[in-house]
Amino acid sequence: MKKAIVLVLLAGAVWAETPATIPLPKPNTTGGMPLMQALSARQSGREFSSGKLSPQALSNLLWAAYGVNRPDGRRTAPSANNRQTIDIYVAMAEGVYLYNAKEHRLDLTVAGDLRAATGQQPFVAEAPLNLVYVADFAKMADTPDTTRLLYSAAETGFIGQNVYLYCASEGFSTVIRAMVNHEELAKALHLRPDQRIMLAQTVGRPSQAPASKKGAN
Ligand SMILES: Cc1cc2nc3c(=O)[nH]c(=O)nc-3n(C[C@H](O)[C@H](O)[C@H](O)COP(=O)(O)O)c2cc1C
């Protein structure tokens, strides 16, 4: 009986640390590095410190990635027929959240630390943030399979490059990743059969350790 009470209290404590929604501060949509400098600095990095991004940096990052940038709801990345088929799942220590671009907030999908499940390289478990790009094929029900894949891959690429440029501008480290165990991750994220994981992208501050090739593909 006592054990059951302790378990309930523990579950309550974990739940309390995992809010159902995380409102994001208004993104700062001015400033940053001039575009040509950001392009000069864009690169993949695989050394991350575990330090969390500030709420403002998280807000700016997600807005840059795929936020709403016009009153009609269109986004920072182009989208075939404006179907906006990519969802961004944000894996952090406290849980996995879905980026709700319309409300510019994070909605809890799965509580608990699933960062390690987002990839097959050791740094994914240590970096504060892993973005998982998931195509929702239900939004393209009338589109042939190969076309759905082409459109989703293109959309993912635009989003990924937005993240690369934001990270270059802020001095963050990032790498986009195909090395993902799709089956395991889809299960962990409770994805529907008509959702497909496209790529993942790790983001964080670069670690102070000297750069090495460890973990690179
Ligand atoms: C579709 C795609 C998949 C990639 N998958 C991985 C990956 O799983 N792991 C990784 O460390 N890097 C991955 N990369 C990053 C590339 O290794 C990297 O972009 C390349 O070495 C060039 O380096 P740069 O980005 O610094 O220019 C991927 C890049 C692309 C475009």
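This is a predicted model: local features need pLDDT of at least 70, side-chain atom pairs count only at pLDDT 80 or more; totals for chains, interfaces and linings use all residues.
Which polar side-chain atom lies 2.8 Å from the backbone oxygen of threonine 202?

Residues are numbered from 1 along each chain as its sequence is written, and side-chain values use heavy atoms, with hydrogens and water left out.

**Figure 1. The chain and its helices and strands.** The chain contains 6 helices and 7 strands; these are DSSP runs numbered from the N terminus, with helices being H or I of at least four residues and strands being E of at least two. Along the sequence, their order is α-β-α-α-β-β-β-α-β-α-β-α-β. Among the 217 residues, 44% count as buried. Buried means under 20% relative accessible area, exposed means over 50%, and partly exposed lies in between (1.4 Å probe, protein chains only). Of the contacts with a separation of 6 or more, 74% join residues 24 or more positions apart; a contact means heavy atoms within 4.5 Å.

**Figure 2. Threonine 174 in strand β6.** Strand β6 covers residues 173-177 and includes threonine 174. A polar atom of the side chain of threonine 174 lies 2.8 Å from the backbone oxygen of threonine 202. Such a polar contact is a pair of N or O atoms within 3.5 Å; within protein, one must be able to donate a hydrogen and the other to accept it, and residues adjacent in sequence count only if both atoms are side-chain atoms. Threonine 174 is buried, with a relative accessible area of 2%.

**Figure 3. The largest nonpolar core.** This core has 32 residues, and Leu62, Ile88, Leu106, Leu129 and Leu131 have the most contacts inside it. A nonpolar core is a set of buried Ala, Val, Leu, Ile, Met, Phe, Trp, Tyr and Cys residues joined through side-chain atoms within 4.5 Å. At least two residues each come from α3, β2, β3, β5, α5 and β7, and α3 gives the largest share, 7 residues. Leucine 129 touches Leu53, Val90 and Thr202, among others, not counting residues up to four places away in sequence. A second, separate core of 15 residues includes Val110 and Leu185.

**Figure 4. The surroundings of the ligand.** The ligand is surrounded by 11 residues, and the closest are Arg42, Ser44, Arg46, Gln121 and Met179; a residue counts here if one of its heavy atoms lies within 4 Å. The side chain of serine 44 has an N or O atom 2.5 Å from an oxygen atom of the ligand. For glutamine 121, a polar side-chain atom is 2.9 Å from an oxygen atom of the ligand. Isoleucine 176 places a backbone N or O atom 3.1 Å from a nitrogen atom of the ligand.

**Figure 5. Asparagine 81 and asparagine 82.** Asparagine 81 is in the loop between α3 and β2, and asparagine 82 is in that loop between α3 and β2 too. Phi is near 55° in asparagine 81 and near 50° in asparagine 82. Most residues other than glycine have a negative phi. Asparagine 81 is exposed, with a relative accessible area of 60%, whereas asparagine 82 is partly exposed at 29%.
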